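Good morning, colleagues. Please take a moment with the sequence and the structure on the screen, and I shall then take you through two parts of the model.

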Amino acid sequence: MNFDYCNPVRILFGKGEIAKLSELIGKSLKVMMVYGGGSIKKNGVYDQVVKALSERDVIEFSGIEPNPQYATCMKAVEVIKKGKIDFLLAVGGGSVLDAAKFVAAATLRKDGDPWDILLKQAPVKEALPLGDVLTLPATGSEMNAGAVISRAEFRQKLFFGSPAVYPKFSILDPETTYTLPPRQTTNGIVDAYIHVVEQYLTFPANAPLQDRLCESILLTLIEEGPRVLKDPNNYDARANIMWAATCALNGFISLGVPQDWASHLIGHEITAEYGLDHAQTLAVVLPGTMQVQRDKKKAKLLQYAERVFGLTGGSEDERIDAAIARTEEFFRSVGQKTKLSEYDIGPEACDVIAKRIGKFPFKLGEHQDIDDDKVREILKLRV
Ligand code: NZQ
Ligand code: ZN
């Protein structure tokens, strides 16, 4: 398939790169540093950023929640408008980065409700410039043009994307991830893995390079995931996970090939309704999507079975069953639960989530054939 790709994000990767922050942001700009609930104050990242920007005019905006909230973002927009801020520096995980992207877009929106950026996909033509220091490898937000924002009072979690919100730069220092609690390390490994699967496990598109790029990221996560959980201060393992997660969703592996994203869209509804972490929802849903779509995904499932798990024996059906089982085993091996009941969610969720998806103006998956009935079928396998 044709494609048109331009990824303008400058990546500074490795130990000590935070010290270069000041050089990356124009001297005359007034900066707002955006962060979350305070993890950066406990692990020294805050101090490194403040030191790097000591000669600069910086104000702070903290309290971005995991699954960032619209109301919090709009408070930031007010502060920016009053304080004449020219540049946003997000310091944290995907939630902080996504919030900064939305704030950057909402600030420059001239008229109309900023919620329309998410609800109606109102085009975002301009945004305040932003950069980031990433502390949680997972979402790929540091090198993509997307963001996901939640609105508690409507129980909604919605996506928007625009080239205007690509970060100008992203600093990826693996040492900042040593302090991640196991739950977040696991979330990151699983989220990155499933980002690749969403762009790989569709149907053959005569794109062997894209396939092998995907398989290499999956194999890296399978090798490095357990290492990093066993030895959280292993720089090499942390570095490999960090780069793998960025490559999983910077747009490169999806060039010219079909994409799925059904598990993500179902997962977002589960988070909006029940509050699970993003990656927790994905590990529940994906094995069900693979099972229900196994005929349509047959060729790629067999390729995945062979190239990622070395499964070559038995019938085609047996190999597909084994590949789905091995996928779930991998999630469990890095500490992720894979069933709704393990989160105290009962079978009624199948209907609740199916109804929510039934209201979408489109069907899900690479064939756009996943409707509410299929979502129910997928989730019934996951209770
Ligand atoms: O808020 P603080 O105190 O910083 O703590 C965070 C948060 O509680 C903590 N944390 C982050 N770095 C840490 C750390 N704790 C200790 N040491 C560190 N180095 O981790 C917790 C979770 O952070 P969060 O940013 O919410 O996690 P993640 O990076 O997994 O982001 C999840 C959000 O991104 C969206 C998800 O839907 C969810 O809202 N996604 C964004 C995407 C994108 N922009 O392209 C794609 C994804 O598929 C995903 O939907
Ligand atoms: Zn994700």
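I begin with a backbone detail: just after helix α12, Gly310 adopts a positive phi of about 65°. Please bear in mind that this is a predicted model.

Which residues of α12 are buried? They are Lys300, Leu301, Leu302, Gln303, Tyr304, Ala305, Val308 and Phe309. These buried residues pack against four helices, namely α7 (182–200), α8 (208–230), α11 (278–292) and α13 (316–333).

I turn now to the metal. What coordinates the zinc ion, ligand 2? The donors are OD of Asp191 and NE2 of His195, His264 and His278, at 2.0 to 2.1 Å. Along the chain, these donors follow the spacing D-x3-H-x68-H-x13-H. Because His195 lies in helix α7 and His264 in helix α10, the pair ties together parts that are 69 residues apart in sequence. Both of these histidines are buried.

Let me finish with His264, which belongs to helix α10, residues 262–274. Its relative accessible area is 6%, and His264 is therefore buried, the cut-off being under 20%. The side chain of His264 also makes a polar contact with the side chain of His278, at 3.2 Å. Leaving aside neighbours within four places in sequence, His264 is in contact with Asp191, Ile194, His195, Glu198, His278 and Leu282.

Note on methods: Residues numbered from 1 in each chain as written. Chains lettered and ligands numbered in written order. Predicted model: local features only at pLDDT ≥ 70, side-chain atom pairs only at ≥ 80, totals over all residues. Heavy atoms only, no water. Helix = DSSP H or I, 4+ residues; strand = E, 2+ residues; numbered from the N terminus. Buried < 20%, exposed > 50% of the residue type's maximum accessible area, 1.4 Å probe, protein only. Polar contact = N/O pair within 3.5 Å; in protein donor to acceptor, adjacent residues only side chain to side chain. Contact = heavy atoms within 4.5 Å. Donors = N, O, S within 2.8 Å, 3.2 Å for Na, K, Ca; no water.
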